[in-house]
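Subject: Structure handover

Hello,

My notes follow below it.

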2 protein chains.
Amino acid sequence: MPSYDQLNSSQRKTLLDDLTREYDALKAKGLALDMSRGKPCADQLDLSTPMLTMLQAPEDCFSEDGTDCRNYGVIAGIPEGKQLMARLLDADPEDVFVFGNASLTVMHDAIARALDFGCLGSTPWAELSAVKFICPVPGYDRHFAILEQFGIQMIPVPMTDTGPDMDAVEELVAKDASVKGIWCVPKYSNPSGATYSDETVRRLASMKCAADDFRIMWDNAYCVHHLMGDEDQQDHVLDIGIACTEAGNPNRYLKFASTSKITFPGAGVSAMAASAENISEAKRLCSAQMIGHDKLNQLRHARFLPTAEALADHMSKHAAIIRPKFQLVEKMLDDGLGGLGIAKWTDPRGGYFISFDGLPGTAKRTVQLAKEAGVVLTGAGATWPYGDDPKDANIRIAPTMPPIDELESAMEVFVCCVKMAALEAML
Amino acid sequence: MPSYDQLNSSQRKTLLDDLTREYDALKAKGLALDMSRGKPCADQLDLSTPMLTMLQAPEDCFSEDGTDCRNYGVIAGIPEGKQLMARLLDADPEDVFVFGNASLTVMHDAIARALDFGCLGSTPWAELSAVKFICPVPGYDRHFAILEQFGIQMIPVPMTDTGPDMDAVEELVAKDASVKGIWCVPKYSNPSGATYSDETVRRLASMKCAADDFRIMWDNAYCVHHLMGDEDQQDHVLDIGIACTEAGNPNRYLKFASTSKITFPGAGVSAMAASAENISEAKRLCSAQMIGHDKLNQLRHARFLPTAEALADHMSKHAAIIRPKFQLVEKMLDDGLGGLGIAKWTDPRGGYFISFDGLPGTAKRTVQLAKEAGVVLTGAGATWPYGDDPKDANIRIAPTMPPIDELESAMEVFVCCVKMAALEAML
């Protein structure tokens, strides 16, 4: 099949008629498939079954410092909880604050504290006439939802293969003190899968910010979530903590991670790592909100994943389950759309998503067509602030959750819908 | 021993000398006892050991509606989680929002939402020039700490045996629209142990409030925490939800409870119950903060405490462990201080505390003396807003945590310190 822009109007029309028949046949199958969110599949969840019975008797419930993890207390986490999360966060355990089951909550609350109380003595952001955040796009819809709810203005900056467009970022932060932060998913980004280059990390750490209390929200959600078994093919990201400290801006970053896509997404452990000053402020402010998070769950996790080797081994089992799903999606996109000139997509080495760009003006239509044929995708526009993708081109593909035969059916529908939407837009 | 006010100055001096010798002997024992917080003891924690192994295999991890509790989702809780918490909260499961391990966080966040977004369309409290809360005293220090951190002005109102002084409360809320809420621990109050009368509940529900968005923060922390086995001797509190609805103020209340003092304080389940409108608003706002709380832990709890009978049976085991501790404290206070005219204290039928009032101006000194003799009590003043008990008289006694022999030693010190502080104040 030649590129669609080589076809004349009549050929496109014929092709669209053919595709519409194919689409109607797919629709008639009555599919009910969900590719909307980056959720681990049941086989992945089963990998953590031993964690369910990690603690069985009262004597199992004590941390290495003698704390009875059943009772109240220990706001920032037990020693082994900090050690586990420090490993995910490239941090010193002393600089780690362990929270509950969701890093989303930790990130939301960190921004809420900055709004209410400022950062290390700065004016509370809520008292300023404007607060703005830089949002690399495409990005993560739940990051944007936090900012939107708090009325923080979002400034989209394009993602590249090496991270956000740093020329644009540096210009924005240098000139405008109301620009208070940036969202970063530094490794296997959501949704592109790109990993920040060392240069990007160093520029973020050292750039001149008009706002003294500028904060890099470093959501390292996919820190150990490699798809490739061979270490040479795994991405590595420079630690923002070291980079910021070296650049003389030790308080600029807040690092976040969780075990959501390592053990049980609904019952994991999350954490924040930051400078001693930032952690100390967080402990002080959080002490009005909490006495301590679930220490039994910290203990379960720490005993299930006691070493870096155990963690790497566990993650390689995840990769073995989901790698074939990514490969299938890539193959079906190549086979179905390759050379047609109507789409491009990423080929990530880790994380949970493939970022797909159709022709401008086709993403909403593609998602709608797929939905009507029983395949739910992440909403078009979700990867942009305010749900508004100005080109209406980007779609996030989440291959992990469906069983592989369902994924194949879903991708068959997707490819058909992309082609139909492209032809409709061209005609 | 006659009442201290019958003694002349020389007799008091002699007595203080005797007590000082007794105190020095106690001090020489080198005690290290902690009665500062209302923490369950190890024997109580052991009662919930079966919960550790309630879920053992993947097939155990599904809720009754088929949800895989290991994965993401279900923001307001699984059906059986809602049912369990509805039982604690006297609520319809549909009106229950299940959260994480701490009702303190739920209450903190409810106030944070009112500050940021108002209540059901009202002006965000943070935009008002003043926000005030009524705080029945003595009360719970962590309630006060939330308000203090957010800069909400606290107005103390005396607690009585039937709840807060309602004449004072009604006058405050009627005249001042900046009075936005009241803290209530309606059953076995912290620290007095008093339970609100039906009349108090009805007056709270029906009183005329200048603020349309006035909220009763109904912290039913001790809802099933009876000390008495005989049902006739157990307190019951009228449901604020029914009372508010009957009074035409269905959105006025937010009810809170947790399993912290039922199962594991550090790894329990908490919840809020409120009108459908309030719950719907909370779900909408919380959706930026969380995807769902720990559903595996909800499932563990629901299976461990599947019925009202199982819950009552479990709570009677707690009572059997801690009732002798309360009885010992009462006996040592009676024997040591009865008739001296220098103190009074409560005799609660449930909850976690005894509220103690010494002579004005003696509470800080008593706590200090006890601390120097190795017995840590809740700080004097903690039961008042801003830690400021204007009479310096109230001390919260928390008998549950120490083993009974340690409790006896601690109370021996306490009684001695109370008498010394009283005589010092009189001399």
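B:Cys135 is buried, at 0% relative accessibility (buried means under 20% relative accessible area, exposed over 50%, partly exposed in between, with a 1.4 Å probe and protein chains only). Its sulfur lies 10 Å from the closest cysteine sulfur, that of B:Cys184, which is too far for a bond. B:Cys184 is in no disulfide either. The nearest cysteine sulfur to B:Cys184 belongs to B:Cys244, 9.8 Å away. B:Cys184 is buried too, at 0% relative accessibility.

Ground rules. This is a predicted model, in which local features need pLDDT of at least 70, side-chain atom pairs count only at pLDDT 80 or more, and totals for chains, interfaces and linings use all residues. Residues are numbered from 1 along each chain as its sequence is written, chains are lettered from A and ligands numbered from 1 in the order in which they are written, and side-chain values use heavy atoms, with hydrogens and water left out.

Buried positions in chain B. B:Ile134 sits in strand E3 of chain B (helices, H or I with at least four residues, and strands, E with at least two, are DSSP runs numbered from the N terminus). B:Ile134 is buried, with a relative accessible area of 0%. Not counting residues up to four places away in sequence, B:Ile134 touches several residues, including B:Ile155, B:Val157, B:Leu172 and B:Trp183 (contact means heavy atoms within 4.5 Å). B:Phe414 is 280 residues from B:Ile134 in sequence. In space the two are 31 Å apart, C-alpha to C-alpha.

Helix H5 (residues 141-149) of chain B has these buried residues: B:Asp141, B:His143, B:Phe144, B:Ile146 and B:Leu147. They pack against several elements of chain B, among them helix H4 (103-117), strand E3 (132-137) and E13. Just after H5(B), B:Gly151 takes a positive phi of about 70 degrees.

The sheet. E10, E11 and E13 of chain B form an open sheet of three strands, in the order E10-E11-E13 with antiparallel pairing (two strands pair if DSSP finds at least two bridges between them). Strand E10 (343-345) and strand E13 (394-397) of chain B stand at the edges, each with a single partner strand, so one side of each is left without a neighbour in the sheet. The twist averages 20 degrees from one strand to the next (axes are lines fitted to C-alpha atoms, for helices over the stretch in contact, and angles run from 0 to 180 degrees between N-to-C directions). Strand E11 (residues 354-358) of chain B pairs with E13(B) over four bridges, in the antiparallel sense. B:Phe356 has B:Ile395 of E13(B) as its bridge partner.

The interface. Chain B gives 51 residues to the contact and chain A gives 51 residues. Together they bury about 4300 Å², 55% of it on carbon and sulfur atoms (buried area is the accessible area, 1.4 Å probe, that two parts lose on being put together, summed over both). In chain B, the residues that lose the most area to chain A are B:Leu52, B:Arg70 and B:Tyr72, together 17% of what that side buries. Two salt bridges are counted between chain B and chain A (a salt bridge is a side-chain nitrogen of Lys or Arg within 4 Å of a carboxyl oxygen of Asp or Glu). B:Asp46 and A:Arg70 meet in a salt bridge at 2.7 Å, N to O.

Other salt bridges. A:Asp213 and A:Lys180 meet at 2.6 Å, N to O. The pair links distant parts of the chain, 33 residues apart: A:Asp213 is in the loop between helix H7 (198-206) and strand E7 (215-219), A:Lys180 in strand E6 (residues 179-184). Both A:Asp213 and A:Lys180 are buried.

B:Arg203 and B:Asp167 meet at 2.6 Å, N to O. B:Arg203 is partly exposed at 21%, and B:Asp167 is exposed at 53%. In chain A, a network of salt bridges links A:Asp167, A:Glu170, A:Glu199 and A:Arg203.

B:Asp313 and B:Lys317 form a salt bridge, with the closest N and O atoms 3.6 Å apart. Both lie in helix H11 (residues 308-337) of chain B, four residues apart, about one turn of the helix.

Best regards

Definitions and conventions
Disulfide = S-S within 2.5 Å.
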